[in-house]
Amino acid sequence: MPKFATSPGTRDILAPDSARWRHFQQVFADVVEPAGYAHIIPPMFEDLGVFLRVGETTEIVTKEMYDFEDKGGRRIALRPEQTASVCRAFVEHRPVTPWKVWYGGPNFRYEKPQQGRYRQFDQVGIEALGPDDPQLDAEVIALAMQFYAQLGLRQVRLSINSLGDSGDRDRYATALRAHFSAHLDALSAESRATLERNPLRVLDSKRSEDAAVIAAAPKMADHLSADAATHFAHVQAALRSASIQFVVDDRLVRGLDYYRRTTFEFVSTALSAAHTAIGGGGRYDGLVADLGGPETPGIGFALGLDRTLLACDAEGVFAAPASRVDVFVVDVTGGAEATSICSALRAAGVGADRAYEGKSMKSQMKAADRSGARIAIIIGDDERTTNTAIIRTMDDGSQQSAQRDNLVASVRQALGR
Ligand code: HAM
């Protein structure tokens with residue numbers, strides 16, 4: 001018989017982690033929905049062309065896309081991210097602006113799997129289309145920070161930068177190309193190859209041999225148009241007045257080509273691994289037009305759920321939610337009593353589980369322990385004869401007897417509900 005296991009870069013998320021994942025999305029929704037962001041659920045696969053706009057020079061597009069031809073001969077890709085899908089949806093449905101949406105769900109990139117880097121990974125994120133108001137940039141960043149605080153994370157560092165408008169970016173790319181070309185011998189082979197594709201990405205290199213040439217490279221700040229520079233100054237002022245701490249990192253270029261003006265990244269200083277970026281985002285003012293829509297500015301972020309949870313583990317916060325099984329029914333008289341008691345409790349909105357196959361008292365008590373229930377109800381022959389039940393508090397082992405006729409009320413009282 002063949003044995004199957006998950007593909008590289010994918011995982012089964014089992015309990016209690018699965019409950020934590022769901023709770024994560026709920027906490028996110030509770031932060032962004034009151035700020036006017038409505039839920040959008042884009043499809044997990046789309047026409048490949050939608051994602052080519054992420055950047056034909058990025059590895060996400062050149063190496064990591066899960067693309068294939070479907071049975072109808074369409075060129076399809078599993079989404080590597082959701083910003084492009086949201087912009088495609090905007091063009092398709094033409095909602096009124098500002099259009100503010102949030103999403104959560106899996107994305108697919110054929111990357112080298114390692115801790116914090118998966119081929120299927122979850123993100124939550126928001127996108128706001130319409131205004132190019134720097135106050136919106138600050139709002140978007142503030143919501144991410146609010147969410148991190150809600151999770152209990154304290155060690156999140158925010159870096160921001162401006163990549164200017166498309167003309168600025170092109171001029172900067174030309175200046176960088178000239179600089180790096182003049183120092184080719186000092187660059188690593190990898191960075192020389194990156195230079196061919198996209199000189200901005202050379203700034204991302206973490207290789208020690210590249211550090212000196214990168215440090216001496218021209219700065220984006222010196223290539224910003226007056227408009228872009230003013231916009232960036234206003235974003236910083238808005239963040240300051242919201243008491244949000246940040247560092248300006250003029251080497252922050254991010255891994256996608258669609259960014260214009262504001263870009264930002266969240267790094268967990270509690271993580272020591274190479275992949276400490278737990279989220280990032282920025283403006284993508286040309287993307288909607290690139291996808292066939294009207295010129296529409298946009299800004300948003302996506303936070304990696306897998307990596308953020310690693311950061312939560314490192315800081316010892318955001319534990320898995322408590323079990324939803326309130327009561328475990330231990331019935332050593334055959335199991336029929338457990339059936340009727342569970343039905344009554346469940347109908348009354350009390351979480352109830354039980355054992356099957358007439359297991360021993362010892363084995364049923366072990367199952368009660370594992371279930372995370374706060375209370376066990378025990379039915380033995382005596383209880384069945386006298387129409388009673390034992391209510392046992394799992395924490396301290398204290399027990400009391402209750403009448404079967406008002407068992408639900410007694411359980412509620414024991415649970416403090
Ligand atoms: P991104 O930087 O590619 O941006 O991804 C955002 C976050 O997703 C990263 O900071 C990281 O936490 C997580 N992430 C990315 N790749 C992986 C992976 N292979 N395994 C685990 N986690 C990963 C975007 O995706 C943009 N769409 C963000 C955005 C929204 N920009 C504007 N709006």
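Modeller: Two strands pair if DSSP finds at least two bridges between them. Strands themselves are DSSP runs of E with at least two residues, helices are runs of H or I with at least four, and both are numbered from the N terminus. This is a predicted model, in which local features need pLDDT of at least 70 and side-chain atom pairs count only at pLDDT 80 or more, while totals for chains, interfaces and linings use all residues. Residues are numbered from 1 along each chain as its sequence is written, and side-chain values use heavy atoms, with hydrogens and water left out.

Let's start with strand 15 and strand 16, which pair in the antiparallel sense over five bridges. If you look for A389, you will find A402 of strand 16 standing opposite. These strands belong to an open sheet of five, arranged in the order 13-12-14-15-16 with mixed pairing. Strand 13 (352-354) and strand 16 each have a single partner strand because they stand at the edges, so one side of each has no neighbour in the sheet. From one strand to the next, the twist averages 30° (axes are lines fitted to C-alpha atoms, for helices over the stretch in contact, and angles run from 0 to 180 degrees between N-to-C directions).

Buried means under 20% relative accessible area, exposed means over 50%, and partly exposed lies in between, using a 1.4 Å probe and protein chains only. An α-helix has 3.6 residues a turn, so residues three or four places apart point the same way.

A salt bridge is a side-chain nitrogen of Lys or Arg within 4 Å of a carboxyl oxygen of Asp or Glu, and the whole structure holds 22 of them. One joins K359 and E357, at 3.2 Å from N to O. K359 is partly exposed at 38% relative accessibility, whereas E357 is exposed at 71%.

For contrast, look at R254 and E265, whose closest N and O atoms are 2.8 Å apart in their salt bridge. This pair links distant parts of the chain, eleven residues apart: R254 sits in the loop between strand 8 (247-248) and strand 9 (260-268), and E265 lies in strand 9. R254 counts as buried at 12%, and E265 is buried too, at 18%. Another salt bridge brings the side chains of E111 and R117 together at 2.2 Å, N to O. Here E111 is buried with 13% relative accessible area, and R117 counts as buried at 19%.
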